[in-house]
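Trainee: I am new to this structure and would like to be guided through it. Could we begin once it is in view?

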Amino acid sequence: MFLNFLFASIKAGTPLLFGTTGEIMTEKTGNINLGVEGMMFMGAFMGFYTGYHTGSLALALLAAFGIGVVAALIYAVVTVTFMANQNVAGLTLTIFGIGFGKFFGEAMIGKAGGSPKLSEEFMASISEKPLPVLGNLPVIGKLLFSHNPLVYLSILVAVLCTIYMLRTRAGLNMRAVGENPAAADATGINVTLVKYIHILLGGGICGLGGAYLSLINGGGIWNNSSVVNGQGWISVALVIFASWNPVKAIFGSLIFGAFSVLQFYVPKDVIVIPNAFYVMLPFLITTMVLIITSMKKSKEGSQPAGCGVNYFREER
Amino acid sequence: MSNSEDKIKREPLLRVAKKAEISVSKTMGLTLLALALAIVAGGIFLLVIGQNPFKVYGTIVHGAWRSKLAIQGTIKIAIPLLIASLGITLAFQMKFWNIGAEGQIIMGGIFASYFALFFDQLPHTILLLIMFLAGMVGGGLWGLIPAYFKTKFGTNETLFTLMLNYIALYTIKFLTEGPWHDPESSGFPKIASFTPNARLDKIFGVHAGWLIGLILVLVVYIYIRFTKHGYEISVVGESVNTARYAGMNVKKIMMRTMFLSGAICGIAGMTQVSGAAYTLGEGVAGGVGFTAITVAWLSKLNPVVILIVTVLFSMLEKGCSVMQSAFGLSAATSGILQGIILFFVLAFDFFTRYRFILRKGRKA
């Protein structure tokens, strides 16, 4: 029972991990993109649509990543090049992305004459199966090594992003741009280019999170109304909870995932807690984390200093 | 010589320079140009998916205004959007990035619903007045919380207000499933409908929220332009330090303004529950709080322009609802078109503040 609960938590946390990792990459370069929900919706549609027509998981993921990049490109052009308000641009991307996903989702339903369903072979390629050798281990084998392939991909992406951010020169440059673009510019870093690269990369990763939602959570059937359903916003919250570190986001997504499935596992005859409380919990905790980090006034684990402010050379 | 040639090589093809402030009419002209381009871009999108853009646009406009019922529907969509945009304006004028209109609308709705559900034996006018005030207090408090922490600890308001949206939303879920659950609806989670006594009166066939909204346009306009408070807000927005040197109590101004910003959004919540839905449901805000932010920004925080943009957006929304029957297209078209318009106007705003300078020829 407890094992099942943990297993379900990992599964529920994975799309959040994608979204969070993507948003961390974006925010670390000094841009807050509130369009995660929209980018995820676009990724969800593109991933499903491609998977539905080609039957290839790799192509589906590529398409989801690609549409995330395109969506983030719009955001980047508007905020980095045209220096528009980041909050407003992000919200616009959310409105646009949800509109895009629903629009083409409905068109897809119309063409298929009902809810489109992924093929058996495709579902087999994303099914949960134990890894060779590791999957046969007792307890751990079931808990950690018997997931669908996207779960491993999300962790791989998070770890790679952390190593990149904290251990490479390019990552250092990116963090410098996020904290103090003027200083970064003075050292010869191309601020605009760095911002573009990471916003686009972040958007692509968010798109993958969307693909997870439509391919795995949707059970192979396209659901137009509730495919993303606020997961993008939870991802934005998780960025704070994980204090802008993708590795911490792995554990954070596990915890947030646990909250979202907790209500199905708490024995109702023992503890009676309203369901609403479980879904509210991630946001309550995130708010607490936000307040506490600001009280400590620590630079560590708080939002990058340049976040939300567009960089204009002549104003430094 | 070679040195100067080197410099020319290094100068980028395009560079950006700040513009002197430009006139209002020029700004308006640029915005209209952006709007026109957005409509063309939307038309290209429609063309690509195999539709006649003229026909679709025509249907949208016609769909929003074709009958008395349609017009009433359009206005009904406009009411919460207008009121919430006005609320946002106060906070944004102060450069306090209040992303929490959604939550403030909800809290206003919850507070107002409390009186509608449990004090419905009060005389009609008094009850509505109390609900109105309760809505303001609910939304106001929800706006005050992040302002308090911002002034006290410098807590990031964007993220804080964002979180509060969801806490508010799930408070409705809690009330629906628990304490305020309608006993007559047995298993289905739902809050009881308000008695007619707690419903907002209709004026010309639409609930009185539209009148409240129009009055608020005037009130907010005067408050920002002609009062000491309004002046203080804009000084804090320009520079917190300037405000401090001038002897203003920045903390007090911030908290007061955020209370008012939230309170106005709370009014939107009150009119929604008592004028439109006659009950409290999870869809009470339904994304209006987010759209309101884009509307307020698009209107350059000018209450009169907000009124115009709100009508435009509501027309788009209402007009797109007939897309399904007319073209077999999703009503979500409105989201796409709204997005395109906003992106264009956001990007074009650049030209009111900056200009591009092309690299000069070799001679320079």
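Predicted model: local features only at pLDDT ≥ 70, side-chain atom pairs only at ≥ 80, totals over all residues.

Trainee: How many residues of chain A and chain B are in contact?

Mentor: On the chain A side there are 46 residues, and they are in contact with 52 residues of chain B.

Trainee: What area do chain A and chain B bury between them?

Mentor: The two chains bury about 4,300 Å² between them, and 79% of that area is on carbon and sulfur atoms. Within chain A, the trio A:Phe82, A:Ile95 and A:Phe103 supplies 15% of the area this chain buries against chain B, more than any other three residues.

Trainee: What is the count of salt bridges between chain A and chain B?

Mentor: The count is 0 salt bridges between chain A and chain B.

Trainee: Which helices of chain A supply at least two residues each to the side that touches chain B?

Mentor: They are helix 3 (57-81), helix 4 (86-112), helix 11 (231-241) and helix 13 (275-296) of chain A. Helix 4 of chain A gives the most, with 14 residues. By class, the side of chain A that touches chain B has 31 nonpolar, 10 polar and 5 charged residues.

Trainee: Let us change topic. Where does A:Glu27 lie, and is A:Glu27 buried or exposed?

Mentor: A:Glu27 lies in helix 1 (residues 2-28) of chain A. A:Glu27 is buried yet has no salt bridge, and the nearest side chain of opposite charge, that of A:Lys28, is 8.9 Å away.

Trainee: What is A:Glu27 in contact with, then?

Mentor: Leaving aside neighbours within four places in sequence, A:Glu27 is in contact with A:Ile32, A:Val239, A:Trp244, A:Gln303, A:Pro304 and A:Cys307.

Trainee: And A:Leu16, is that residue buried or exposed?

Mentor: A:Leu16 counts as buried because its relative accessible area is 3%, which is under 20%. A:Leu16 is also in helix 1 of chain A. Beyond its neighbours within four places in sequence, the contacts of A:Leu16 include A:Gln231, A:Ile234, A:Leu238 and A:Phe256.

Trainee: What about A:His198? Which residues does A:His198 touch?

Mentor: Not counting residues up to four places away in sequence, A:His198 touches A:Met25, A:Thr26, A:Thr29, A:Tyr164 and A:Met174. A:His198 lies in helix 10 (residues 191-217) of chain A and counts as buried, at 3% relative accessibility.

Trainee: Back to salt bridges. How many are found over all chains?

Mentor: A search of the whole structure finds 6 salt bridges. One of the pairs is B:Lys173 with B:Glu177, at 3.3 Å from N to O. Both residues lie in helix 7 (residues 157-177) of chain B, 4 residues apart, about one turn of the helix. B:Lys173 counts as buried at 18% relative accessibility, whereas B:Glu177 counts as partly exposed at 35%.

Trainee: Which residue does B:Arg256 meet in a salt bridge?

Mentor: B:Arg256 meets B:Glu232, at 2.7 Å from N to O. The pair links distant parts of the chain: B:Arg256 is in helix 11 (residues 250-277) and B:Glu232 in helix 9 (residues 228-238) of chain B, 24 residues apart. Salt bridges that share partners join B:Lys228, B:Glu232 and B:Arg256 into one network.

Methods
Residues numbered from 1 in each chain as written. Chains lettered and ligands numbered in written order. Heavy atoms only, no water. Contact = heavy atoms within 4.5 Å. Buried area = accessible area lost by both parts, 1.4 Å probe. Salt bridge = Lys/Arg side-chain N within 4 Å of Asp/Glu carboxyl O. Nonpolar A, V, L, I, M, F, W, Y, C, P; charged D, E, K, R; others polar. Buried < 20%, exposed > 50% of the residue type's maximum accessible area, 1.4 Å probe, protein only. Lys, Arg positive; Asp, Glu negative; His and termini not counted.
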